[in-house]
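I opened this notebook to record what I looked up, starting with strand pairing and going on to helix packing.

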Amino acid sequence: VHHPLLSRLKPADQTEEIARSRSTLEATIGRSVRYFAYPSNDYDARTVALVETAGFEAAFALFPRRVTDRGDFEQERVGIYSGSRWKFRGKLWRLDRLARWAGLSVG
């Protein structure tokens with residue numbers, strides 16, 4: 001709902017943010033939400049456990065940290081922040097990693 005840094009919130013506040021995010025999305029799209037994406041790629045082992053407890057099937061991070069052994073809850077995802085077809089293709093080809101390694105900004 002607010003995209004906070006979840007790992008910096010108290011467990012009760014994380015739980016509420018996770019639940020409200022899900023219910024808001026479900027009300028908006030009219031169907032069940034099965035997956036979670038960590039806002040700002042911020043999470044820790046406690047966050048992973050809370051997302052799993054909330055009933056999600058899996059969760060995604062831009063750069064998984066492997067803070068748990070729950071692989072389904074630390075899946076890698078690709079961020080799409082631009083309407084550019086070329087940027088999208090570059091990300092599919094994993095050129096974003098090469099660009100970041102070279103010190104370039106990738107949106």
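I began at one residue pair and found that Ala 61 stands opposite Glu 76 in strand 3; I note here that the model is predicted. Ala 61 falls in strand 2, which spans residues 58–61, and I read 2 bridges between this strand and strand 3, with the pairing in the parallel sense.

I then looked up the sheet as a whole, which is open, has 3 strands in the order 1-2-3, and shows parallel pairing. Strand 1 (35–37) and strand 3 (75–76) are its edge strands, since each pairs on one side only.

Next I turned to helix packing, for which I needed two quantities, because two packed helices are described by the angle between their axes and the distance between the axes. For helix 1 (residues 11–29) and helix 2 (residues 45–53), I found axes that come within 10 Å and cross at roughly 45°. Helix 1 is therefore oblique to helix 2, and I recorded their crossing as right-handed.

Which residues of helix 1 and helix 2 meet? I listed Pro 11, Gln 14, Thr 15 and Ile 18 from helix 1, which meet Arg 46, Thr 47, Leu 50 and Val 51 from helix 2. Sorted by class, this contact has 4 nonpolar, 3 polar and 1 charged residues.

Last, I looked up the chain totals. The protein chain has 4 helices and 3 strands, and along the sequence these follow the pattern α-β-α-β-β-α-α. Of its 107 residues, 29% count as buried, and among contacts with a separation of 6 or more, residues 24 or more positions apart account for 30%.

Conventions:
Residues numbered from 1 in each chain as written. Predicted model: local features only at pLDDT ≥ 70, side-chain atom pairs only at ≥ 80, totals over all residues. Heavy atoms only, no water. Pairing = 2+ DSSP bridges. Axes fitted to C-alpha atoms, helices over the stretch in contact; angles between N-to-C directions. Parallel < 35°, antiparallel > 145°, perpendicular 65-115°, else oblique. Left-handed = near helix turned anticlockwise from the far one by under 90°. Contact = heavy atoms within 4.5 Å. Nonpolar A, V, L, I, M, F, W, Y, C, P; charged D, E, K, R; others polar. Buried < 20%, exposed > 50% of the residue type's maximum accessible area, 1.4 Å probe, protein only.
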